[in-house]
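Please open the structure in a viewer and keep the selection tool at hand.

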Amino acid sequence: TDENLLIPLLHSLPETVKSVNVTMGYPIKTTLAYTFLERMIALQTHCQLSGGSERFYHVDVTGLLTHPYIKDVCGVKAQKLAADIISKRAVLVGSSMFDGKDILRDIFSYNIADSRVLSKYLIDVMSQVVVSIGDIAQREYLRVVIEEVKKIVLSIDNCGLDVSVDVFISLLRRHMQSLSIPFEGEPVEGLQIMGILETRNIDFENVV
């Protein structure tokens, strides 16, 4: 009855199981792609502008630097920066620490002037990450999140609305937390894995 257990279940199947049909979706909110999106939103909402410079809260910075996606893309560089911030016990981290032309400079920059700027920032950063991470499943999760952000932006534009940053973030979170990624499989053979709702119509010889 807990959809969060789907991935651990799939990884726990014995090698003798060659065919699996999953009839339930995997919630977006439990993926690394969603946590990455939340980390970027937190980074921007807590950003402070002082004297023309950008400063970010250390928890948001280290949270992104140690995120599996950034560790995959930037490797040792991100780990060293996180360790340096922790060792200095810095509360606020200036954007000058990330000067350069890599993805870190794009991530750690002020992009929350309005909802359009924020949405473009989220899409641009995730689009850079998706081409660099190695795990196929994680790339697919991230692509789904990117597409859903684009859909929300398009819906707002089609309605002719000019929403605030807070409203945009609220809409984005509520939409993402209601989404599930569907799985494809063969319904007439193999092990059938389903959620509690799908069990209403089962007609199998053996049900566990």
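Which residues are buried in H2? Select helix H2, residues 32-45, and bear in mind throughout that the model is predicted. The buried residues of H2 are Ala33, Tyr34, Phe36, Leu37, Glu38, Met40, Ile41, Ala42, Leu43 and Gln44. Because ten of its 14 residues are buried, H2 is largely enclosed by the rest of the structure. The length of the helix can be checked as well: at 1.5 Å a residue, the 14 residues of H2 should span 20 Å, and the end C-alpha atoms are 20 Å apart, which agrees.

**The whole chain**

Now display the entire chain. Its secondary structure comes to nine helices and seven strands. The C-alpha trace spans about 70 × 45 × 25 Å along its principal axes. Of the 208 residues, 38% count as buried. Among the contacts with a separation of 6 or more, 68% are between residues 24 or more positions apart.

**Aromatic pairs**

Next, show the aromatic side chains. Four aromatic pairs are counted. One of them joins Tyr26 and Tyr141; this pair is tilted, with 5.9 Å centre to centre and 35° between the planes. Tyr26 lies in strand E2 (residues 26-27) and Tyr141 in helix H8 (residues 136-158), so the pair ties together parts that are 115 residues apart in sequence. Tyr26 and Tyr141 are both buried.

Return to H2 and select Phe36 together with Tyr69. Their rings form an edge-to-face pair, 5.5 Å centre to centre with 65° between the planes. Phe36 belongs to helix H2 and Tyr69 to helix H4 (residues 68-74), and the two residues are 33 residues apart, so that distant parts of the chain are linked. Both Phe36 and Tyr69 are buried.

Pro68 is partly exposed, with a relative accessible area of 41%.

**A ring cluster and the nonpolar core**

Select Phe56, Phe98 and Phe108. Ring pairs link these residues into a cluster. What does Phe108 touch, not counting residues up to four places away in sequence? Its contacts are Leu43, Glu54, Phe56, Val61, Leu64, Leu65, Ser95 and Phe98. One of these, Leu43, is among the buried residues of H2.

The largest nonpolar core has 57 residues, of which Leu65, Phe108, Leu122 and Met126 touch the most other members. Helix H7 gives the most to this core, with eight residues. In soluble globular proteins, nonpolar side chains tend to be buried together.

Go on to helix H7, residues 115-130, and select Ser115. Is Ser115 buried or exposed? At 9% relative accessibility, Ser115 counts as buried. A polar atom of its side chain lies 3.2 Å from the backbone oxygen of Val163. Leaving aside residues up to four places away in sequence, Ser115 touches Val163, Ser164, Val165 and Phe168.

**Paired strands**

Turn now to strands E3 (residues 48-50) and E4 (residues 53-57), which pair in the antiparallel sense over three bridges. Ser50 has Ser53 in E4 as its bridge partner. The two strands form a hairpin with two residues between them, and Gly51 in the turn has a positive phi of about 60°.

Strand E5 (residues 92-94) comes next: three bridges join E4 to E5, and these strands run antiparallel. Tyr57 stands opposite Leu92 in E5.

**The last stop**

Finally, select Arg89, in the loop between helix H5 (76-88) and E5. Phi of Arg89 is near 55°, a positive value in a residue other than glycine. At 75% relative accessibility, Arg89 counts as exposed, whereas Ser115, at 9%, counts as buried.

Notes: Residues are numbered from 1 along each chain as its sequence is written. This is a predicted model: local features need pLDDT of at least 70, side-chain atom pairs count only at pLDDT 80 or more; totals for chains, interfaces and linings use all residues. Side-chain values use heavy atoms; hydrogens and water are left out. Rings of Phe, Tyr and Trp (its six-membered ring) pair if their centres lie within 6.5 Å; planes under 30 degrees apart count as stacked, over 60 as edge-to-face and the rest as tilted. Helices (H or I, at least four residues) and strands (E, at least two) are DSSP runs, numbered from the N terminus. Buried means under 20% relative accessible area, exposed over 50%, partly exposed in between (1.4 Å probe, protein chains only). The expected span of a helix is 1.5 Å times one less than its number of residues. A polar contact is a pair of N or O atoms within 3.5 Å; within protein, one must be able to donate a hydrogen and the other to accept it, and residues adjacent in sequence count only if both atoms are side-chain atoms. Contact means heavy atoms within 4.5 Å. Two strands pair if DSSP finds at least two bridges between them. A nonpolar core is a set of buried Ala, Val, Leu, Ile, Met, Phe, Trp, Tyr and Cys residues joined through side-chain atoms within 4.5 Å.
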